Amino acid sequence: MTLDPCDRCEELLQDFLDRTLTDSEWQEAEGHLTGCDYCRRRYRFEESLRRYVRTTASERMPPGLMDKLTELRGLDATA
């Protein structure tokens, strides 16, 4: 089953923000973001949200929370 281009971009977005995509995935996501206003707005929102969290978070994350968030993100992708 082939994903809609916006669905595929959403699938790649977090790794795009993390800079952990392969070269071909990076080109795919960047190409879509260049031409899709909706996905570009989502990218800007996610980017600004990450920046906000980084600059306002004063407490360290409890041990295991990052693993739990990663696990939940993986479950969301399969839904």
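**Salt bridges in the model**

Modeller: Glutamate 10 and arginine 42 form a salt bridge, with their closest N and O atoms 3.4 Å apart. Glutamate 10 belongs to helix 1 (residues 5–18) and arginine 42 to helix 3 (residues 37–56), so this pair ties together parts that are 32 residues apart in sequence. The term salt bridge denotes a side-chain nitrogen of Lys or Arg within 4 Å of a carboxyl oxygen of Asp or Glu. Helices are DSSP runs of H or I with at least four residues, strands are runs of E with at least two, and both are numbered from the N terminus.

The model is predicted: local features need pLDDT of at least 70, side-chain atom pairs count only at pLDDT 80 or more, and totals for chains, interfaces and linings use all residues. Residues are numbered from 1 along each chain as its sequence is written, and side-chain values use heavy atoms, with hydrogens and water left out.

Glutamate 10 is partly exposed at 44% relative accessibility, and arginine 42 is partly exposed at 27%. Here buried means under 20% relative accessible area, exposed means over 50%, and partly exposed lies in between (1.4 Å probe, protein chains only).

A salt bridge also joins the side chains of aspartate 18 and arginine 50, at 2.5 Å from N to O. Aspartate 18 lies in helix 1 and arginine 50 in helix 3, so this pair ties together parts that are 32 residues apart in sequence. Aspartate 18 counts as partly exposed at 34% relative accessibility, as does arginine 50 at 22%.

Within helix 4 (residues 65–78), lysine 68 and glutamate 71 are three residues apart, a separation of about one helical turn. Their side chains meet in a salt bridge of 3.9 Å, N to O. Lysine 68 has a relative accessible area of 41% and is partly exposed; glutamate 71, with 45%, is partly exposed.

Arg8, Glu11 and Glu28 are linked in a network of salt bridges. By the rule stated above, the count comes to eight salt bridges.

As for the setting of these pairs, the protein chain has four helices and zero strands, and its elements run α-α-α-α from the N terminus on. Buried residues make up 16% of its 79 residues. Among contacts (heavy atoms within 4.5 Å) between residues at least 6 apart in sequence, 50% join residues at least 24 apart.
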